[in-house]
Amino acid sequence: MKAAVLASTAVRLLVLAILFCGAVVFLLPVYVTLTMSLKSPSELATTSMWAWPQHLTWDNYHIVLTNTNVSFATLLKNTTIVTTVNTVGTLFGCSVVAYAFARLKFAGRDRLFLILLATMMLPALVTMIPTYVMFAKLHWVNTFLPLTVPSFFGGGAFNIFLMRQFYLTIPRELDEAAVIDGASHWVIFSRLILPASGPALATVAMLTFVGTWKDFTGPLLYLNDVDKQTLEIGLNTYHSLNGDKWHLLMAGTMLVSIPIIVFFFLGQRYFVKGIVMTGFK
């Protein structure tokens, strides 16, 4: 009995050690970025990038935020608008489409779902030019519409798949009881299925938020005016203007990353729960 307990404890400690090492490896870039952003140019030139700053300075962040060539306030506003609308649209689109695949019975449903999953194997480069031509003919180029409107029409194959798998874990007896009471599909979806899908919705929201916030290709392709660009484009422009000033570049990188870090820590419990419960089926 004691040998089994010792073996179980040893396995647990080994797993914790591996997880700790993995966490350290993933946090090292964040640590290096933070330390370099808090150093003065002279200290950055004379110390290792791994060394913690001897004299913390926040001037780098002030210089980046007050830069006249790249307005981070405008970039932050544009990124917030695009990310918020895209996240809301994705949540609405994927939840509605996933409900149809999980709860409704219609001819060709399974085949259509397989076709939907097959689109995940198409590289984005394959559809980039046709999509751009379509939006150009609609006169949507240099607007936020190509970056936000498509999210309301399904929200992406992966998000639909994730929500569908979660819906399948909800007992169908709830639907049957609601139908007996005279409820329509919209009532079942909005009052029964959707409120019970909080973890899955939080997972989709987090993945969409991070993906949209860090998107570089979309804004680069569709947004031409400087006043309409997002943070990723602005950070790249700032890099081209200050390529040798690493303390300023790291400060800008931290400013772009802070909302993602905060959002993840606020929703990590729901994110993990949504992933775990989706895998039950």
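## Briefing: salt bridges, rings and a surface patch

Glu-232 counts as buried, at 12% relative accessibility. Here "buried" means under 20% relative accessible area, "exposed" means over 50%, and "partly exposed" is in between (1.4 Å probe, protein chains only). You're looking at a predicted model, in which local features need pLDDT of at least 70, side-chain atom pairs count only at pLDDT 80 or more, and totals for chains, interfaces and linings use all residues. Residues are numbered from 1 along each chain as its sequence is written, while side-chain values use heavy atoms, with hydrogens and water left out.

**Salt bridges**

- Side chains of opposite charge can pair when their charged atoms come close.
- How many salt bridges does a search of the whole structure find? It turns up three, where a salt bridge is a side-chain nitrogen of Lys or Arg within 4 Å of a carboxyl oxygen of Asp or Glu.
- Buried Glu-232 is in one of them: its partner is Lys-214, and their closest N and O atoms are 3.0 Å apart.
- That pair links distant parts of the chain, with Glu-232 in helix α13 (residues 231-241) and Lys-214 in the loop between α11 (198-213) and α12 (217-222), 18 residues apart. Helices (H or I, at least four residues) and strands (E, at least two) are DSSP runs, numbered from the N terminus.
- Are Arg-103 and Asp-175 buried or exposed? Both Arg-103 and Asp-175 are buried.
- Arg-109 and Asp-110 make a salt bridge too, at 3.5 Å from N to O. Asp-110 is partly exposed, its relative accessible area being 47%.

**Aromatic rings**

- The count of aromatic pairs comes to twelve. Rings of Phe, Tyr and Trp (its six-membered ring) pair if their centres lie within 6.5 Å; planes under 30 degrees apart count as stacked, over 60 as edge-to-face and the rest as tilted.
- Tyr-31 and Trp-52 are a stacked pair, 6.2 Å centre to centre and with 25° between the planes. These two link distant parts of the chain: Tyr-31 is in helix α1, Trp-52 is in the loop between α2 (41-46) and α3 (59-65), and they are 21 residues apart.
- Tyr-31 is partly exposed at 30% relative accessibility, and Trp-52 is partly exposed as well, at 43%.
- For a tilted pair, look at Phe-101 and Phe-106: 6.4 Å centre to centre, with 45° between the planes. Phe-101 is buried at 8% relative accessibility, whereas Phe-106 is partly exposed at 35%.
- Those two rings belong to one aromatic cluster made of Phe-101, Phe-106, Phe-113 and Phe-161.
- What sits over the ring of Phe-113? It's the charged end of Arg-164, 4.2 Å from the ring's centre. For that label, NZ of Lys or CZ of Arg must be within 6 Å of the ring centre and within 35 degrees of the ring normal.

**A nonpolar patch on the surface**

- Tyr-31 and Trp-52 show up again in a nonpolar surface patch, together with Phe-20, Val-24, Leu-28, Met-49, Trp-50 and Leu-56.
- Patches are made of residues with over 30% relative accessible area and no salt bridge: like charges are joined within 9 Å, nonpolar side chains (Val, Leu, Ile, Met, Phe, Trp, Tyr) within 5 Å.
- The patch has about 770 Å² of accessible area together, by the Shrake-Rupley method with a 1.4 Å probe, and for residues only the protein chains shown count as cover.
- Phe-20, one of the patch residues, is found in helix α1 (residues 2-37). Phe-20 is exposed, with a relative accessible area of 57%.

- Most residues other than glycine have a negative phi.
- His-139 isn't a glycine, yet its phi is positive, near 60°. You'll find His-139 in the loop between α6 (124-137) and α7 (145-148).
- Asn-142 has a positive phi too, about 70°, although Asn-142 is not a glycine. Its place is in the loop between α6 and α7.
- His-139 is exposed at 68% relative accessible area, but Asn-142 is buried at 16%.

**A contact across the sequence**

- Arg-269 sits in helix α14 (residues 246-278) and is exposed, at 59% relative accessibility.
- How far apart are Arg-269 and Thr-203 in sequence and in space? They're 66 residues apart in sequence and 9.6 Å apart in space, C-alpha to C-alpha.
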